[in-house]
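The sequence and the structure are shown first.

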Amino acid sequence: VIGKGMTPPQKTFSPSEKICMDWRQKRRPGAGLYNLGSTCYLNVILQCLTYTPPLANYLLSRQHSRFCDEQGFCMMCIMEAHVRKVLYSSATAIRPRAVIRDLKFIGEFKPDIPGDAYEFLRCTLNAMHRACLSGSSDLDVASQETTIIHQIFGGFLRSRVTCLSCKTVFDFFKVFLDVLLKIKGASSLITALEDFVKPKHMDGKKLFKCSKCKKKVAASKVVTVHNAPRVLTVCLGRADHRSSRKLSQVVEYPEYLDLRPFMSDTAGEPILYYLYAVVVHTGHTCLGGHFFCYTKASNGQWYKMNDVSVDSCGIHAVLGQQAYLLFYAR
């Protein structure tokens, strides 16, 4: 087996012992968020990140801002202040002004133009990751992938490619912070994950350049989760790129998920996750419509968070949605 892409880091930013997966403090849910134009896509992501226990614990401890000397835009400092404000506020709703003010630094977003929640999640985590690296530009890639963001959300995917001519096996490893799943024809998260790890043929236009055969050849490729993340974020790809319409079928998802069957090593103990947040999109096209979310607060209760409103609900309501993003924690 020829392997590529798994070098150990020279320096570790955030040691994994610092990560606490359970809430350090239990309390009622925090404030709702005002919609300041067309900002529901951003509100849902801010809420889901606020109720991500290891991230909230880290942000509430102020471990970043105490040592941060960034004069300009810093997404970690913004999130630290935001989570504090949401969870400690006596108001029923707050305005996420700092996030809106610096939207242009996060990604190509404008407050008055509807955005995509998945894209905002990726850009926000990326901006937080960059903030952790501030002032450390000459690091090797493996060391850059040890920030608190990668320690919480990061895992490794393995692509195992077998050349069908010489039968040589090549392994390629890639870091991921989320998994995007195709849902066309999938009735559940489990069937979508099964499809994700199914062997795919590389032929026709998608030939593989085999370094042994020294030419492009037909190959078979299997993608599996090689290192499981502490927090697994899944996007159910509802955009049908052919018709630009939305795939609005029901995709069932469990409260508890075992990732073991989708790992490179399928033998061994189960790798169990529990669901703690769900983003829902309503509307017939992916560009319009409205986003709201369900999150599990530190008191163990589920709440529907729809911009300013925060309403208690049961797990059955949570599991019966047309989900777009699913957040699972170990």
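Which residues cover the two faces of strand 11, and are they buried or exposed? On one side stand Val 231, Thr 233, Cys 235 and Gly 237, on the other Leu 232, Val 234 and Leu 236, and all are buried. Buried here means under 20% relative accessible area, exposed over 50%, and partly exposed in between, with a 1.4 Å probe and protein chains only as cover. In a regular strand the side chains alternate between the two faces of the sheet.

The model is a predicted one, in which local features need pLDDT of at least 70 and side-chain atom pairs count only at pLDDT 80 or more, while totals for chains, interfaces and linings use all residues. Residues are numbered from 1 along each chain as its sequence is written, and side-chain values use heavy atoms, with hydrogens and water left out.

Strand 11 spans residues 231-237, and seven of its seven residues are buried. Strands (E, at least two residues) and helices (H or I, at least four residues) are DSSP runs numbered from the N terminus. Two strands pair if DSSP finds at least two bridges between them. Strand 11 pairs in the parallel sense with strand 6 (residues 179-182) over four bridges; within this pairing, Val 179 stands opposite Val 234. With strand 19 (residues 323-329), strand 11 runs antiparallel, and five bridges join the two. There, Val 231 faces Ala 329 of strand 19 as its opposite residue.

**Strand 4 and its partners**

Strand 4 is also mostly covered, with seven of its nine residues buried. Eight bridges join strand 4 to strand 5 in an antiparallel arrangement. Five residues lie between the strands in this hairpin, where Lys 167 takes a positive phi near 65°. Strand 4 also pairs with strand 10 (residues 219-227), again in the antiparallel sense and over eight bridges. Arg 160 takes part in both pairings: Arg 160 stands opposite Asp 171 in strand 5, and its bridge partner in strand 10 is Val 222.

**Salt bridges**

A salt bridge is counted when a side-chain nitrogen of Lys or Arg lies within 4 Å of a carboxyl oxygen of Asp or Glu. By this rule the model has four salt bridges.

| Arg 122 | Asp 178 | 3.3 Å |

Arg 122 forms its salt bridge with Asp 178. Because Arg 122 lies in helix 6 (residues 117-133) and Asp 178 in the loop between strand 5 (169-176) and strand 6, the pair ties together parts that are 56 residues apart in sequence. Arg 122 is partly exposed at 45% relative accessibility, whereas Asp 178 is buried, with a relative accessible area of 13%.

Asp 171 is buried, at a relative accessible area of 5%, while Arg 160 is partly exposed at 28%.

**Surface lysines**

Lys 174, Lys 182, Lys 200, Lys 206 and Lys 221 form a positive surface patch. Patches are made of residues with over 30% relative accessible area and no salt bridge, like charges being joined within 9 Å. Lys and Arg count as positive, and the place of a Lys charge is taken as NZ. Lys 206 lies in the loop between strand 7 (200-202) and strand 8 (208-210). Lys 206 is exposed, with a relative accessible area of 64%.

Lys 216, in strand 9 (residues 215-217), is exposed at a relative accessible area of 58%. Lys 216 and Asp 203 are 13 residues apart in sequence, and their C-alpha atoms are 9.4 Å apart in space.

Lys 11 is found in the loop between strand 1 (2-4) and strand 2 (32-33), and is partly exposed at 40% relative accessible area.

Conventions: Patch = residues over 30% accessible without salt bridge, like charges linked within 9 Å, V, L, I, M, F, W, Y side chains within 5 Å. Areas by Shrake-Rupley, 256 points an atom, 1.4 Å probe, with all protein chains shown as cover.
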